[in-house]
Amino acid sequence: MAAAAELTLLEKSLGLSKGNKYSAQGERQIPVLQTNNGPSLTGLTTIAAHLVKQANKEYLLGSTAEEKAVVQQWLEYRVTRVDGHSSKDGIHTVLKDLNSYLEDKVYLTGYNFTLADILLYYGLHRFIVDLTVQEKEKYLNVSRWFCHIQHCPGIRQHLSSVVFIKNRLYTNSQ
């Protein structure tokens, strides 16, 4: 999904009805937002943080200094690790790492839903939707997290719902 489309989804999920206009620059199609009063903003996470502040939902950026740092870490992870992958092989490494990380967490920061969860969900959607049942079971923690995020009000919107089977079919998912 193009970054501009993700930012439009984010706007709607935040309750913003501004209808900002986005463009993309460079080979990697980095999103650019031209603001009404000031310089243009460049980059997915920069624009997303700006939209969160516009919507007065700063809690999505983290409530404590540590949580804010974790949110920033995952936003950077999204841009550096997830966005660069177009192959299935590359994304499996990301899913394996994320699966281990989410083993004892509900959300990326632990117990609080943040912008990091939203943007990682949007970034992973195109890969998760294509996983087989067995692959989803291999990444059980990612599947649990993804299923939870897609059911948060206003997040999924027009994206296809990914089906997860609640009963394990494969006992030796390695």
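Predicted model: local features only at pLDDT ≥ 70, side-chain atom pairs only at ≥ 80, totals over all residues.
**Entry 1: asparagine 56**

I located asparagine 56 in the loop between α2 and α3, the latter covering residues 65–82.

**Entry 2: other positive phi values**

I then turned to glutamine 157, where phi is again positive, at about 50°, although the residue is not a glycine. Glutamine 157 lies in the segment after α7 (140–150). With 27% relative accessibility, glutamine 157 counts as partly exposed. I also recorded glycine 15, which stands just after α1 and has a positive phi of about 80°.

**Entry 3: helix α1 and its partner α2**

How do I describe a pair of packed helices? For α1 (residues 3–13) and α2 (residues 44–54), I found axes that come within 10 Å and cross at roughly 15°. That angle makes α1 roughly parallel to α2, because angles under 35 degrees are classed in this way. I noted the crossing of α1 and α2 as right-handed.

Next I listed the residues in contact. From α1 they are Ala3, Glu6, Leu7, Leu10 and Glu11, and from α2 they are Leu44, Ile47, Ala48 and Leu51. Sorted by class, this contact holds 7 nonpolar, no polar and 2 charged residues.

I also asked which residues of α1 are buried. They are Ala3, Glu6, Leu7, Leu9, Leu10, Glu11 and Ser13. The buried residues of α1 pack against the strands β1 (22–25) and β2 (30–33), and against the helices α2, α3 and α5 (115–128).

**Entry 4: helices α4 and α5**

I examined α4 with α5 in the same terms. Their axes are 11 Å apart and the packing angle is about 125°. That angle makes α4 oblique to α5. The crossing in which α4 passes α5 is left-handed. On the α4 side I recorded Ile91, Val94, Leu95 and Leu98, and on the α5 side Leu120, Leu124, Phe127 and Ile128. By class, the contact of α4 with α5 has 8 nonpolar residues, with no polar and no charged ones.

**Entry 5: helix α7**

Why do I describe α7 as largely enclosed by the rest of the structure? I do so because 8 of its 11 residues are buried. I listed these as Asn141, Val142, Ser143, Trp145, Phe146, Cys147, Ile149 and Gln150. Among the elements that cover the buried residues of α7 are α4 (88–101), α5 and α6 (133–138).

**Entry 6: cysteines**

How many disulfides did I find? The count is 0, a disulfide requiring two cysteine sulfur atoms within 2.5 Å. Cysteine 147 is in no disulfide, and the nearest cysteine sulfur, which belongs to cysteine 152, is 10 Å away. Cysteine 152 is likewise in no disulfide, with the sulfur of cysteine 147 as its nearest, 10 Å away. I checked the accessibility of each: cysteine 147 has 19% relative accessibility and so counts as buried, and cysteine 152 is buried with a relative accessible area of 15%.

Note on methods. Residues numbered from 1 in each chain as written. Heavy atoms only, no water. Axes fitted to C-alpha atoms, helices over the stretch in contact; angles between N-to-C directions. Helix = DSSP H or I, 4+ residues; strand = E, 2+ residues; numbered from the N terminus. Parallel < 35°, antiparallel > 145°, perpendicular 65-115°, else oblique. Left-handed = near helix turned anticlockwise from the far one by under 90°. Contact = heavy atoms within 4.5 Å. Nonpolar A, V, L, I, M, F, W, Y, C, P; charged D, E, K, R; others polar. Buried < 20%, exposed > 50% of the residue type's maximum accessible area, 1.4 Å probe, protein only.
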